[in-house]
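I opened the model to look up a few things. My notes follow, in the order I made them.

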Amino acid sequence: LDPFTVELSWQTIDETEKTLQDLLDGKVVSRLAGMEAWNISRALPLRQGEWFTNWSAKLSVYPEKKKKGIIMACSTFWKYPHRVEMLWTLAERKQAFALNQWIMADIDDALRIICASNRKWEPDWKNLRHIVSELGYTPDYLVERVNAIFEYPTLQKRTQSALEFISDVL
């Protein structure tokens, strides 16, 4: 048997209805809402109901408005030249914690752009390896490159590889 993961989610039907409607209308572009959509779109309910069938049907189509909203929200910081320079400054100053926080946020945004560009709901990144085959466009060696960014021993190499990855995504 192949191993599989079981996760449980508990919430009211009304809460989920509102979250999904706001998400599908493009009112919400948050990471958590995107993960919720991914989880629901792949869920096996403990009880069948019309509500679940309706949610699955709604989530089977990734709205264009959502795609544009995610791409705009996730690429905003990268238009400022000082934003890239800040990463190099943190690396030179050996501020590993601050640098890693910024790089993690940047990689998170890049992965969200990849999912939106492919019109796929974004998973919890622990599931990234499992969804790569569902994505039409990705930079080569996506999972390996993302993991390698945080494994490089020098902050300069970490910064360089993160910026190269972001450039490939854009």
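**Notebook: aromatic residues first**

I looked up Trp 55 and found it buried, with a relative accessible area of 6%. For the record, buried means under 20% relative accessible area, exposed over 50%, and partly exposed in between (1.4 Å probe, protein chains only).

This is a predicted model; local features need pLDDT of at least 70, side-chain atom pairs count only at pLDDT 80 or more, and totals for chains, interfaces and linings use all residues. Residues are numbered from 1 along each chain as its sequence is written, and side-chain values use heavy atoms, with hydrogens and water left out.

I then checked the rings. The structure holds five aromatic pairs. Rings of Phe, Tyr and Trp (its six-membered ring) pair if their centres lie within 6.5 Å; planes under 30 degrees apart count as stacked, over 60 as edge-to-face and the rest as tilted. Trp 51 and Phe 52 make an edge-to-face pair, at 6.1 Å centre to centre with 85° between the planes. Phe 52 also pairs edge-to-face with Trp 55, at 6.5 Å and 65°. I noted Trp 51, Phe 52 and Trp 55 as one aromatic cluster.

Phe 52, at 10% relative accessibility, counts as buried.

Phe 52 and Trp 55 both lie in helix H3 (residues 50–59), three residues apart, about one turn of the helix. Helices here are DSSP runs (H or I, at least four residues), strands likewise (E, at least two), numbered from the N terminus.

**Thr 16**

Next I looked up Thr 16, which lies in helix H1 (residues 13–24). Thr 16 counts as buried because its relative accessibility is 3%. Which residues does Thr 16 contact, leaving aside its neighbours within four places in sequence? I found Gln 11, Ile 40 and Trp 55. Contact means heavy atoms within 4.5 Å.

**Helix H6**

I checked the length of H6 (residues 96–117). At 1.5 Å a residue, its 22 residues should span 32 Å, and its end C-alpha atoms are 31 Å apart, which agrees. The expected span is 1.5 Å times one less than the number of residues. Arg 119 follows H6 and has a positive phi, near 55°.

**Whole chain**

The protein chain has nine helices and zero strands. Of its 170 residues, 37% count as buried. Residues 24 or more positions apart account for 67% of the contacts with a separation of 6 or more. The C-alpha atoms fill a box of roughly 55 × 40 × 30 Å, taken along the principal axes.
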